[in-house]
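Welcome, and thanks for taking a look at this one with us. Please have the model open as you read the short briefing below.

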Amino acid sequence: MKKIAIQWSDTQQVWHRSRDGQKFEKDGRLGLKDAQGKIILEATCDQIELCKDHVYTRTGDTVTKYYPSEMVEQCSFDANDAIFYEDGKMGVKNKSGNIILPAIYDCVKDWKPYDVVYVKNEDGFHYFTHSGKEVLTDYDNIEGSNCDDEPFYIDEKQCTNVIVTRQLVEKKKNANCIKYGHKWVEIDRFAKNDLSTIIGNCEVVPMPDDALDGIDSLSTYIYEGFIASSCEENSVEDCVNQLCMLNAYGSSWKFITKVWIHPESTISLEELKKFWLIYSDNSDFYKHKGIESRFNVEDWLRIGIGYDEALGKDEIEVLQIHYFTDRWPSSAEMKWVNGLRRSDVSNLMELKKQLDSHIDHIRINDEKLADAIHREILEGCHISCNVDTQLTPDEEINKYDYLKSIGFHCLDTLWYTCRSLLESTLQGDANNPVALTEKQLQFAARKITWLLNNGTTPNYVKSRCTALDFLSLLKKLYEYMDWSVDGQVVLSELEIAMRKKGCRYGRELDRDEMFWREFKPGLHDDSPFSLKPYTGKVVIGEEQEINADFINNISNTH
């Protein structure tokens with residue numbers, strides 16, 4: 001189902017005006033009038049249902065729903081849809097058209113691809129299978145929760161202070177186990193406020209201090225949890241396979257991961273390190289079955305490992321919490337974001353004043369939201385990696401000086417800038433590369449020089465490449481294509497300058513250290529395995545047992 005663009009005058013207060021209205025028929029079609037007899041919807045519909053929470057209309061193969069918020073949704077009519085409408089109520093039928101649940105409900109949600117349908121009316125809520133058997137009946141209220149009317153349903157803007165978890169189980173263990181295809185899944189939930197306690201101590205590998213910041217953001221509105229456990233030989237991959245089977249990676253959620261092992265675990269540290277490898281572009285694991293390489297750096301750094309004495313010595317348990325953040329920016333915010341690319345310093349300073357005024361105004365009534373906006377578009381933001389500019393090089397550099405003065409960083413900008421330079425020559429067609437313009441080259445020289453002198457990370461690593469790798473490829477392309485000699489000179493001088501500032505090729509870096517250097521400001525710049533002792537029994541290989549002192553220096557170990 002998707003939102004559609006309909007003229008505001010056509011949709012304004014359709015639901016509100018329909019409350020005391022009535023349907024009318026004209027030429028075999030249905031329309032809708034309000035209490036005063038004024039037409040709300042013209043007589044073009046095949047079906048109109050005045051439901052408690054929305055107005056449902058069907059015109060041919062198009063279904064439209066009008067909500068109290070004045071949001072409008074539209075989708076194609078599906079004759080095989082389990083949900084049907086009758087006399088302003090909703091019911092459930094099977095694929096043969098036989099009624100399973102009569103149309104007596106105000107709300108029906110089909111929890112695909114599970115065999116579960118959620119229904120609600122004045123008598124309360126229930127969950128049924130598509131054959132009409134009631135399920136998910138065993139649950140306890142969570143203190144402080146306002147979502148006890150839908151304790152297990154996972155949907156946008158639902159369960160905002162509870163986290164629903166799913167876990168594959170071998171058979172039906174209790175009343176909260178439901179069918180997922182040919183598998184059984186146990187559904188559970190816990191209070192969102194308990195998450196920090198559940199994540200708890202990570203004695204083996206610490207969780208970053210700001211790991212929960214995103215989940216606590218006021219812009220975050222989808223929560224979901226997945227649990228996996230394994231004592232297989234490749235236990236990490238087995239756990240991730242279970243998460244994939246639960247469709248954990250079917251959307252672009254962000255996530256944090258807590259792993260538990262026994263205090264005397266026999267699982268090797270090399271096996272545990274796969275949790276980071278699987279979610280990183282720096283590893284062959286990133287093409288793991290069911291996982292796309294779309295994860296941000298913070299996703300694979302928000303991983304912690306702790307102890308649980310209840311587990312077997314060869315067992316791993318994983319809790320992965322997924323969430324989604326989406327806040328529509330204000331006009332002042334959008335002007336600021338657009339100005340970062342296009343405006344000079346004087347205009348940016350004026351936009352900054354407007355933005356500060358906007359945030360201060362919000363702070364009067366909502367300090368948390370004001371802080372959230374400040375974090376999202378001012379704190380920890382990086383300077384753009386653009387290789388083209390409408391400004392003069394001097395104006396662009398002056399802008400960087402200003403942005404740095406208000407807290408912007410350029411830690412990863414060198415890497416992205418060098419990659420963008422190489423991509424600009426390809427222009428989407430690697431078989432027909434095009435040389436950079438003289439203006440692009442001169443601007444690139446000024447920008448890279450500024451970055452090298454203003455705190456950029458010389459050996460930031462992503463996809464196993466450094467900035468110097470990209471620049472070297474660009475220089476070789478210039479030589480191979482016999483492009484401008486002046487351009488080759490500029491690139492050679494940049495290469496020398498980058499080497500002098502400590503930039504290295506990926507092949508020159510220690511592979512293990514190189515992996516852990518991919519980071520986001522505020523998170524680990526080194527291997528998390530070196531930060532706290534691992535006191536369990538760790539075996540690398542078949543015979544070699546590694547003691548705690550050696551493990552504490554694992555970041556230098558292959």
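Two strands count as paired if DSSP finds at least two bridges between them. With that in hand, here is a predicted model in which strand 10 (residues 89-93) and strand 11 run antiparallel and are joined by three bridges.

- Three strands form an open sheet in the order 9-10-11, and their pairing is antiparallel.
- Strand 9 (83-86) and strand 11 (99-105) are the edge strands, each pairing on one side only.
- From one strand to the next, the twist averages 25 degrees.

**Helix 11: its two sides**
- Helix 11 spans residues 367-377, and its buried residues are Ala370, Ala372, Ile373 and Ile377.
- Viewed down the axis of helix 11, these buried residues fall within an arc of 160 degrees, so they line one face of the helix.
- An α-helix has 3.6 residues a turn, so residues three or four places apart point the same way.
- Glu367 and Lys368 are exposed, on the other side of helix 11.

**Helix 11: its neighbours and its cap**
- What do the buried residues of helix 11 pack against? Their partners are helix 9 (331-342) and helix 10 (345-365).
- The N-terminal end of helix 11 is capped by Asp366, which has a side-chain oxygen 3.0 Å from the backbone nitrogen of Leu369.

Terms used: Residues are numbered from 1 along each chain as its sequence is written. This is a predicted model: local features need pLDDT of at least 70, side-chain atom pairs count only at pLDDT 80 or more; totals for chains, interfaces and linings use all residues. Side-chain values use heavy atoms; hydrogens and water are left out. Helices (H or I, at least four residues) and strands (E, at least two) are DSSP runs, numbered from the N terminus. Axes are lines fitted to C-alpha atoms, for helices over the stretch in contact, and angles run from 0 to 180 degrees between N-to-C directions. Buried means under 20% relative accessible area, exposed over 50%, partly exposed in between (1.4 Å probe, protein chains only). The arc is that of the directions from the helix axis to the C-beta atoms. Contact means heavy atoms within 4.5 Å. A polar contact is a pair of N or O atoms within 3.5 Å; within protein, one must be able to donate a hydrogen and the other to accept it, and residues adjacent in sequence count only if both atoms are side-chain atoms.
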